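Okay, thanks for making time, everyone. Let me put the model up on the screen and we'll walk through it together.

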Amino acid sequence: MTDALDHGLRTAAAQDQVALICARYDNDPQRMLDILRDVQDQFRCISRAAMQTVASNTGLTQVAVEGVASFYAFLSLAPKGRVTIRLCDDIIDRFAGLDAVTAAFETAFGITVGQTTPDGAVSLEYTPCIGMCDEAPAAMINDVVVTALTPDKARAIATALLNGQRPEDVIADQFDGLKPHAQATHMVRNNIKHAGAVLLGPVPDDAGLRKALDQTPAQVIDQITASGLRGCGGAGFTTGQKWRFAAQTDDDRRFIICNADEGEPGTFKDRVLLTERPDLLIEGMTIAARAVGAREGILYLRGEYVYLRPLIQEVLETRRTKGLLGQNILGVDGFDFDIRLQMGAGAYICGEEGALISSCEGLPGEPKTRPPYPVTCGYLGHPTVVNNVETFCHAARIMDRGAQWFFDMGTAGSHGTKLFSVSGDCINPGIYELPYGFSVRELLEMTGGEDAAAVLVGGPSGTMIARDTFDRKLTFDDLATGGAVVVFSPDRNILEIVEYYMSFFVHESCGYCTPCRVGNVFLQKAVAKFRKGLANPADIAYLRDLSATIIETSRCGLGMTSPNPILSTLDNFPLVYSAMVKPPKDRFRATFDIQSAISDARVLAKRRSSIYDKDFSK
Ligand SMILES: Cc1cc2nc3c(=O)[nH]c(=O)nc-3n(C[C@H](O)[C@H](O)[C@H](O)COP(=O)(O)O)c2cc1C
Ligand code: SF4
């Protein structure tokens, strides 16, 4: 099959089609991700011949094209089946029965995960969290999402596909006749369990944008600042300040980018906003454009949410026809702003804003060195505001209801409401919009997760807490989260969870820096050693030392937070580790000193050790 397909891809007709794809994007190298996505969709792989054509048409080297093609998990240099089934391999899916579902697919197709059927019909593979933890186990079948899988459901899907049905037909008989919103909600339920005052209650159309147009851009920024709004993507930077920096940077081009990459395992709140509040999101981006003086916007949608693409495209088109995007928006002379949809292609790191910008520029999704920050030097070197989906939605509501209304909700330091995506061992997984300040215990009571033994707040890059600290608050000052709250019952194995999350970071590291690329592998192996009962007492210090090194020497937030599953469980579940340690007499003595081993790297990086407080640069 592979030879025949390769040969097919080398034909003149195939290369003409690749050239047509390039032309669709004006042969623009900055649209490389779009070009390669389309090549992948059409030919099921990006062959060497296709890369050559793309390179010559976009004026890049073949090496540069291959650098992009090989970076993203959803692009493949080897041919894939006409249908690719990507089973979500998150820990929640594993706990929800992924193994049995996998076995059902494997038996039905006669292949194992990682293989393609000999006739080239179906490929079966695993993929990290696809943002459906409330509906696990879930999978993508090409661009279609199937949720709440069981072995029976898997067998039925396999039979339909083997009988020649399209993935869409598995969802609904008349799928093509449905409107994009109905198509999306037929695939994935949104599970809104608690609608709060800001985002999920009634929202009047474009009221915020209209009010923003009655004010000067500076007044809009003042309002957003006064509301206390902080970014909802995890870091919690003050939104008004971010907009002000971008507005104050001297340039004739500025950009607004919406980060809809939502890849943190356990997070799915942006998925729900994108489905239920897409107009509010675009309204918020348009207000930001007005505030900072941007004419161009990009909505970066993670590849796993490709099923939402028709919905977003429809909303953008409708807003253009209504004069809410495009030139002279709502009749305001000179207020021009439009948005392009940029699909991602399966890379968690692209949620990091520098990597996201690289990806939008047609490059591999590698983070950029900071400073400079995107607000002064972002997309194509111009001032760029990158905000999370939820942040833009909040901004639109603040402009409608006023800064004080938002400021008065929540706590000092954490104003307004927050969407929490709750999943795992609870009766009511789903979305909860609550004012900041609820305790974990209160949230567990709402979700039917009172029996929890552990709760992971903020996803693997956040904090895992134990029952004795469930009174801690969901605020920026205590337990900050971009939205993920994952509940684990007492019968779950904490070390299994930690090892899984370390494997996630190993898989998702972009590989640029050695501490992150290599160190996380060592950490994962060390946790595996504990799980097997082979650890010795020195291994606990090893885990802490290596974690500190990775945090200290990594270039971006992924490496700076990847040891958190280990560190927070060492702090909050120490017995889990000590119970697996064998007495020293049974084991070899440790002879490897990680701090000495990396001392040269410290000197090069001019870093001071926070642990040993010694200046290594001297
Ligand atoms: C590894 C990594 C992944 C991230 N993923 C996301 C994401 O999926 N969505 C998001 O909004 N922010 C994500 N962030 C944070 C962004 O870098 C950035 O801070 C955010 O988009 C800014 O928007 P906000 O101020 O509205 O939160 C991630 C950061 C890191 C380090
Ligand atoms: S810390 Fe990890 S993800 Fe970030 S740049 Fe370095 S290798 Fe890449």
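I'll start with the ligands, then move to helix packing, and finish with a few backbone details.

Some housekeeping: this is a predicted model, where local features need pLDDT of at least 70, side-chain atom pairs count only at pLDDT 80 or more, and totals for chains, interfaces and linings use all residues. Residues are numbered from 1 along each chain as its sequence is written, chains are lettered from A and ligands numbered from 1 in the order in which they are written, and side-chain values use heavy atoms, with hydrogens and water left out.

So, ligand 1. How many residues surround ligand 1? There are 18 of them, and the closest are Gly233, Asn259, Asn387, Asn388 and Thr391. A residue is near a molecule here if one of its heavy atoms lies within 4 Å of it. By class, this shell has four nonpolar, nine polar and five charged residues. For those classes, Ala, Val, Leu, Ile, Met, Phe, Trp, Tyr, Cys and Pro count as nonpolar, Asp, Glu, Lys and Arg as charged, and the others, Gly among them, as polar.

Where does the shell come from? β9 (384–388) and α24 (557–561) each supply at least two residues, and β9 gives the most, with three. These names follow DSSP runs numbered from the N terminus: helices are H or I with at least four residues, strands are E with at least two.

Now the polar contacts, meaning pairs of N or O atoms within 3.5 Å. Asn388 has a polar side-chain atom 2.8 Å from an oxygen atom of ligand 1, and for Asn259 that distance is 2.9 Å. Cys232 takes part through a polar backbone atom, 3.3 Å from an oxygen of the ligand. Taken alone, ligand 1 exposes 610 Å², and the protein buries 89% of that; these areas come from the Shrake-Rupley method with a 1.4 Å probe.

On to ligand 2. It has 13 residues around it, and Cys510, Tyr512, Cys513, Cys516 and Cys556 come nearest. That shell divides into eight nonpolar, four polar and one charged.

Next, helix packing. Helix α15 (residues 278–292) packs on helix α18 (residues 389–401) at about 75°, with axes 7 Å apart. The axes are lines fitted to C-alpha atoms over the stretch in contact, and angles run from 0 to 180 degrees between N-to-C directions. That makes the pair roughly perpendicular, the label for 65 to 115 degrees. The contact holds 10 nonpolar residues, one polar and two charged.

The other pair is α21 (residues 494–508) and α25 (residues 564–572), at about 155° with axes 9 Å apart. They are therefore roughly antiparallel, which is the label for angles over 145 degrees. Here Ile494, Val498, Tyr501, Met502 and Phe505 of α21 meet Pro565, Ile566 and Thr569 of α25. That's seven nonpolar, one polar and no charged.

Last, the backbone. The bond from Ala136 to Pro137 is cis, with omega near -5°, and Pro137 is in the loop between β2 (122–127) and β3 (139–141). Arg370 and Pro371 are also joined by a cis peptide bond, omega about -10°. And Asp26, though not a glycine, has a positive phi of about 55°.

Methods: A polar contact is a pair of N or O atoms within 3.5 Å; within protein, one must be able to donate a hydrogen and the other to accept it, and residues adjacent in sequence count only if both atoms are side-chain atoms. Angles under 35 degrees count as roughly parallel, over 145 as roughly antiparallel, 65 to 115 as roughly perpendicular and the rest as oblique. Contact means heavy atoms within 4.5 Å.
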